[in-house]
Amino acid sequence: MPSKPAPIKKAAKKEPAKKEEEKAPEPAPEPEPAPAEAAPAPAEEAAPAPAEAEAAPAPEAAPADAAPEEPKPPTPPPPPPKEPTSAPLDLFVEDKNDTSVTIIWSQPEVVGTTGLDGYTIEICKDGTEDWKAVNEDLQKSCRYVIKNQTTGDRLKIRVVAVNEGGRSPPVALPEAVLVKEVADRPKVRLPRFLRQRYVAHVGDKINLTIPFTGKPKPVVSWTKNGEALDTKRVNIRSTDRDSILFIRAAERDDSGVYEMSVKVDDFEDKASLILQIVELPGPPASVKIADVWGFNVALEWTAPKDNGNTEITGYTIQKADKKTGEWFTVLEHYHRLNATISDLIMGNTYKFRVYSENKCGTSEEATMTKEEATIQKTGIDYKPPEYKEHDFSEAPKFTTNLSDRATTVGYSTKLLCSVRGSPKPKIEWMKNQMIIGDDPKFRQICVQGICSLEIRKPGNFDGGVYSCRAKNDHGEALVSCKLEVKQPVNPDAEKK
């Protein structure tokens, strides 16, 4: 079998190889391609032992010589050279005062693979090139405050980005910066709702914030009606941007014109606001009954002495009957100082009272009339209206006619019709144009225009034409029907 010689071939190759390495330290000659391809030949082939021993090391030596020829991992490319970033962008002055300058800028457009470690801020006085860094450590953010400068100096400022590749090109301000506070004219920004009269109720908390602008920080002052504020009643708190007027519990005395002033050096701006504290009004000063006539009372009154620090918007008038004492509102939101109360009940005595109204509501108390108004009873003869009586008279007219009927001998039947007319018509029943009269065989009834004729147990001779005639002073009417009387059916006769 071909699978058995392979192990033997391998064993035979290894042993001579070891002996050859021990005996002959000289390096074996490089094997040619042909012997290497012939290595897997069967071991049974005839060959001299020495030749076999010399040839055997050749396949073993092949792997040793081939080891350097194995593929090596690729050599990584050399790292790119470390380069600095591009120059920072958009450098400008954000703010400045007498001792410091605040600058801001944007990151470089090109940062690169080495990243960005921070920024160095450098300054020098105008007219020199003696640049000095003002920050000991690299600045991470894009904003920096250059402090502890001398007022009046002119400084050139530049910013450099720093990373492992070194310093970037600097970005500098186009002109030197003068270290001095920027004088901004003061301006009071009065809110829109305070440009008109500000109305609040007594007891309300007043908290008004008025913003302003100006540099350096303006000096804020307040006055009320041209005089200094009462600090016990009004508190003022001011910041760099606004001023707050605060009153814990407003009173009517707090009403007035408040003026706010902001001043920077020789510049000044003022704004005024009108504060009005209101409350419920007092009742009218007086109310009287001016006149009484018929079912009407004329009232007059005067305006209240205390209007609640705002205009009176109207009045509410109420009445009360002396018998019940209950008050009812007859006029509301009434603007005049006189009114006429109508539709009063005759014989009753009335009292009246009036309330005042303003923006806050209705006065808590009312002023009542001292006198009373009595609606006198007057003699009045009632004359009912005269109406012309309608003439309802009409000739008789049948609204339901008689219908033909059929009945059986010995079985009572009834004929019905209805008639109308005014005056009530006289009803007559006839058989074959002969008046029936008071024949006991027939029963005649007429109730509310419904006329009936009952024929009791009719016989063979009771058939014929029956008529009903209605007659009054305006005419007459007649209706007729046919009555058929049949013989009863005899079952026994039919069987025979």
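**Close-up views: aromatic pairs, ring-facing arginines and an open sheet**

**View 1. Ring pairs join Trp301, Tyr315 and Tyr334 into a cluster.** Rings of Phe, Tyr and Trp (its six-membered ring) count as a pair if their centres lie within 6.5 Å; planes under 30 degrees apart are called stacked, over 60 edge-to-face, and the rest tilted. This is a predicted model, in which local features need pLDDT of at least 70 and side-chain atom pairs count only at pLDDT 80 or more, while totals for chains, interfaces and linings use all residues. Residues are numbered from 1 along each chain as its sequence is written, and side-chain values use heavy atoms, with hydrogens and water left out.

View 2. The structure holds six aromatic pairs. Strands here are DSSP runs (E, at least two residues), numbered from the N terminus. Tryptophan 105 is buried, with a relative accessible area of 5%, and tyrosine 119 is buried too, at 1%. Buried means under 20% relative accessible area, exposed over 50%, and partly exposed in between (1.4 Å probe, protein chains only).

**View 3. Tryptophan 301 and tyrosine 315 form an edge-to-face pair.** Their centres are 5.7 Å apart, and the planes make an angle of 65 degrees. This pair also links distant parts of the chain, with tryptophan 301 in strand 20 (residues 296-301) and tyrosine 315 in strand 21 (residues 314-321), 14 residues apart. Both tryptophan 301 and tyrosine 315 are buried.

**View 4. Arginines lie over tryptophan faces.** Look for arginine 158 over the face of tryptophan 131, at 4.2 Å from the ring centre. Arginine 353 lies over the face of tryptophan 327, also at 4.2 Å from the ring centre. A charge sits over a ring if NZ of Lys or CZ of Arg is within 6 Å of the ring centre and within 35 degrees of the ring normal.

**View 5. Four strands make an open sheet in the order 28-30-34-33, with antiparallel pairing.** Strand 28 (394-400) and strand 33 (442-447) each have a single partner strand, so one side of each is left without a neighbour in the sheet. Two strands pair if DSSP finds at least two bridges between them; strand 33 and strand 34 (residues 450-455) pair over six bridges. Glutamine 444 stands opposite leucine 453 in strand 34.
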